[in-house]
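Have the viewer open and follow along.

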Amino acid sequence: MVKILAIESSCDETAAAVITDGYKLLSNVVATQIPVHQLYGGVVPEIASREHLNSVVPVVRHALDEAGVKLADLDAVAVTQGPGLIGSLLVGVSYAKALAFSAGVPLIGVHHLEGHMSAPFLEHPQLTYPYLALVVSGSHSGVAVAEAAGRYRLLGQSRDDAAGEAFDKIARALGLPYPGGPAIQAAAKDGEPIYDFPCAWLDDSYDFSFSGLKSAVLNFLNKKRMKGEDFRMEDVAASAQEAIIKVLATKAVRAACEFGQQTIVLAGGVASNQALRERVKELAPEMQVVYPSPKYCTDNAAMIAAAALGKYQRGEFADWSLNAQANLPLYFYI
Ligand code: KG4
Ligand code: ZN
């Protein structure tokens, strides 16, 4: 049985997981930095790198111990190569290279978004390619046709703020804590989407733009406060959530129809959003809609391990020159 250790450190979670054949996880450890960054209302890159430095050794040790695996038992070490915060990525990449070199096993570099798109296999190992993937996180919004493992045809992506970033910034304006997505989801449950905030449809494009929505919500709040008019924060949260999920769900389903896909995979932190999941299912009742549990939607190393398993089987190994890349493009072909 193959055993792969995977490390993820692209943003504000230090994570390690050990996986074996059949997408079976032997361990999955995540040390979150959220309480540290909450003090600042968002991720502070310099603090994130330092926190990764403190956490990476104990987190990897914990993952190996929990899996009952020694360094010598490993067949490969995988790591998120990018995209992400460069200082954060460097911690994981340097440590993974050192571990792989000392254990005498191959190194595997994984694209963070390929990790997100591979997360559904952990709970749905029978999932087959091709599928339409909506990847929505704190730093990316994208629609891609996953044609085969490692082959993604990117149809559209964020032109400005990513979907998760929009949730985070709007939450901050509403006085809600970081990360904003779960906070807005919770507030929206007690509100009604009574405000018609703008949606940027961008004509026929599968790109996304959420900065106009963010500005519209900020203007709305400023006006209400200046005029001393009452409003319910929960209604604003519900309306902003509606404006975001409407665009995401509609474009994902439209892309699935246009490119003849029967399965839609929702991935990334924003894929934890209950309203988004329900909307996609409502708009595509005849399609299979697959999404990971919330713990596999937000950043984790299990998804990096899932992507690495395929790379190991295909013999896609990195050499020792592997470096962290903040803007690593998603390799795709048209
Ligand atoms: O994938 P992820 O953990 O990190 C990146 O790769 O960026 O995504 C984090 C993002 C944050 O912006 C967070 O607010 C959002 O995912 N998020 C949510 C929910 N849970 C996390 N957004 C909407 N609804 C949620 N339930
Ligand atoms: Zn992510």
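## The zinc site

In this predicted model, the zinc ion (ligand 2) is held by His112 and His116, each through NE2, and by Asp299 through OD, at 2.0 to 2.1 Å. Look along the sequence and the donor residues of the zinc ion (ligand 2) follow the spacing H-x3-H-x182-D. As for geometry, the arrangement counts as irregular, because the angles subtended by the four donor atoms run from 96 to 138 degrees and a tetrahedral call needs all angles to lie between 85 and 135 degrees.

The two histidines sit in helix α4 (residues 112-118); they are four residues apart, so about one helical turn separates His112 from His116. Both His112 and His116 are buried.

## Two helices side by side

Now for a helix pair. Helix α2 (residues 45-67) packs against helix α3 (residues 86-103) at about 30 degrees, and their axes are 8 Å apart. Angles under 35 degrees count as roughly parallel, so that is the label for α2 and α3. The crossing of α2 past α3 is right-handed.

Which residues of α2 and α3 meet? On the α2 side they are Ala48, Ser49, His52, Leu53, Val56, Val57 and Val60, and on the α3 side Gly87, Ser88, Val91, Tyr95 and Leu99.

## Gln81 in its strand

Gln81 belongs to strand β4 (residues 76-82). Is Gln81 buried or exposed? Its relative accessible area is 14%, so Gln81 is buried, given that the cut-off for buried is under 20%.

Leaving out residues up to four places away in sequence, Gln81 touches a set that includes Leu89, Val93, Gly109 and Val110, along with Leu322, Asn323, Ala324, Gln325 and Leu328.

Notes:
Residues numbered from 1 in each chain as written. Chains lettered and ligands numbered in written order. Predicted model: local features only at pLDDT ≥ 70, side-chain atom pairs only at ≥ 80, totals over all residues. Heavy atoms only, no water. Donors = N, O, S within 2.8 Å, 3.2 Å for Na, K, Ca; no water. Tetrahedral: all angles 85-135°; square planar, octahedral: opposite > 155°, others 65-115°. Buried < 20%, exposed > 50% of the residue type's maximum accessible area, 1.4 Å probe, protein only. Axes fitted to C-alpha atoms, helices over the stretch in contact; angles between N-to-C directions. Parallel < 35°, antiparallel > 145°, perpendicular 65-115°, else oblique. Left-handed = near helix turned anticlockwise from the far one by under 90°. Contact = heavy atoms within 4.5 Å.
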